[in-house]
Amino acid sequence: MDEKYKIYNGDCFEVLAKLPEASFDMIFADPPYMLSNGGRTCFNGKLVSINKGKWDKSQGIAEDFEFHKKWLEMCRRLLKPNGTIWVSGTYHNIHACGYAMMLLNYHILNEVAWFKPNATPNLSCKYFTASHENLIWAKRDKKGKHYFNYDAMKNGNFPKDFIKKPHLQMRTVWAIPTTPSNEKVFGRHPTQKPLALLERIITASTKEGDLILDPFMGSGTTGVAALNLKRCFVGIDVDKEYCNLAEKRLSSAVDLLNR
C-alpha cells in the first residue's frame, strides 16, 4: 500500500465487497451497539439522549444478528490466512458477534475485558454501573499461524494499567481509562475508544508495515494508533461528519510523524 491511510465514506457492505480478498493483516471492529431507541444516559454528570443516529438503531434481535453475521463474513474474506480480528462491544452486541464468529469458523484466541477505572456512573441506581467492554480476538480459522508480540505484552511499559504487573504475562483484564479530552480536540464521537487501547491491540497482534482495517471507523482512533506504530490503515464509515473528523486526526498524525 503506497498511501499510509485510506478513508472510505459509505455503507460498509458496499465498500467491503470491493476490497481485495486476503489483503489485511488485522481488522479492528467496533460495530454499532444498536442502542438508539430513545433512552437516556449520563454524560458529564447530566442525563442525555443515547440516540446516535440511524446507523445505531436496532431492527430487532434477528435482523441485528444477521447484520453482524454479514459484516463478519465479509471481513473474514478480507483477512490474510494468518490475519486476526478484534471485535469490541458490550453485552448489547458482543454475544451476537461471538456466536456469528463461531458459525463462520473463526477461531477465537482470547476474550479480553477492558476495565474502565473512570467509567460513567449509573444515574438510575437500579443496577450495577457498567464499567467494562469486551474484546474478542480471533484468527480467520484454526489453521492460521497468528502473530503475537509476547515480549511487548509481557515486558512493555503500561504505567496507567494497575492490573498489569511489570515483567509478568499480560492477563485478559486490562485497566485503561476512557478517552481523554486531548484526544477529542478535532471533535467528539459517542463511542470513541482511547488510543492506549488500540495501540496495545495493534502492538500485540501486528508488525511494522502491516495493513489494518476498521469497517466502523468512527473518529479514526484505530488509524491514528496504526500510524503512530508505523502500520498502514484503511477505514470505513457511513457518516460523512465522522469521516471528516477522522481525516483531520489522521492528517495530524501524519504531520507529527513527518516532523
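## Exercises on a sheet and its helices

Helix H3 supplies three residues, the largest share of the nonpolar patch. The model is predicted. Work through the exercises below.

**Exercise 1.** Name the residues that form the nonpolar patch on the surface, and give their accessible area together.

*Solution.* Start with the members: Tyr99, Met102, Leu103 and Ile108. Then take the area. Together these residues have about 390 Å² of accessible area.

**Exercise 2.** Give the strand order of the open sheet and find the strands at its edges.

*Solution.* Eight strands make up the sheet, in the order S1-S10-S9-S2-S5-S7-S6-S8. Their pairing is mixed. The edges are held by strand S1 (5–9) and strand S8 (173–175). Each has a single partner strand, so one side of each lacks a neighbour in the sheet. From one strand to the next, the twist averages 20°.

**Exercise 3.** Describe how S5 pairs with S2 and with S7, and say how covered S5 is.

*Solution.* Take S2 first. Strand S2 (residues 24–29) and strand S5 (residues 79–89) run parallel, with five bridges. Ile27 stands opposite Ile85 in S5. Now turn to S7. S5 and S7 are antiparallel, joined by six bridges. Here Ser88 has Leu135 in S7 as its bridge partner. Last, the cover: eight of the 11 residues of S5 are buried, and the strand is mostly covered.

**Exercise 4.** Find the strands that helix H3 touches and those that helix H7 lies across.

*Solution.* Helix H3 (residues 94–103) packs on the sheet. It touches S5, strand S6 (107–115) and strand S7 (132–139). The direction of H3 makes about 160° with that of S5. Helix H7 (residues 240–258) lies across S1 and strand S10 (232–237). H7 runs at about 170° to S1.

Technical notes
Residues numbered from 1 in each chain as written. Predicted model: local features only at pLDDT ≥ 70, side-chain atom pairs only at ≥ 80, totals over all residues. Heavy atoms only, no water. Pairing = 2+ DSSP bridges. Helix = DSSP H or I, 4+ residues; strand = E, 2+ residues; numbered from the N terminus. Axes fitted to C-alpha atoms, helices over the stretch in contact; angles between N-to-C directions. Contact = heavy atoms within 4.5 Å. Patch = residues over 30% accessible without salt bridge, like charges linked within 9 Å, V, L, I, M, F, W, Y side chains within 5 Å. Areas by Shrake-Rupley, 256 points an atom, 1.4 Å probe, with all protein chains shown as cover. Salt bridge = Lys/Arg side-chain N within 4 Å of Asp/Glu carboxyl O. Buried < 20%, exposed > 50% of the residue type's maximum accessible area, 1.4 Å probe, protein only.
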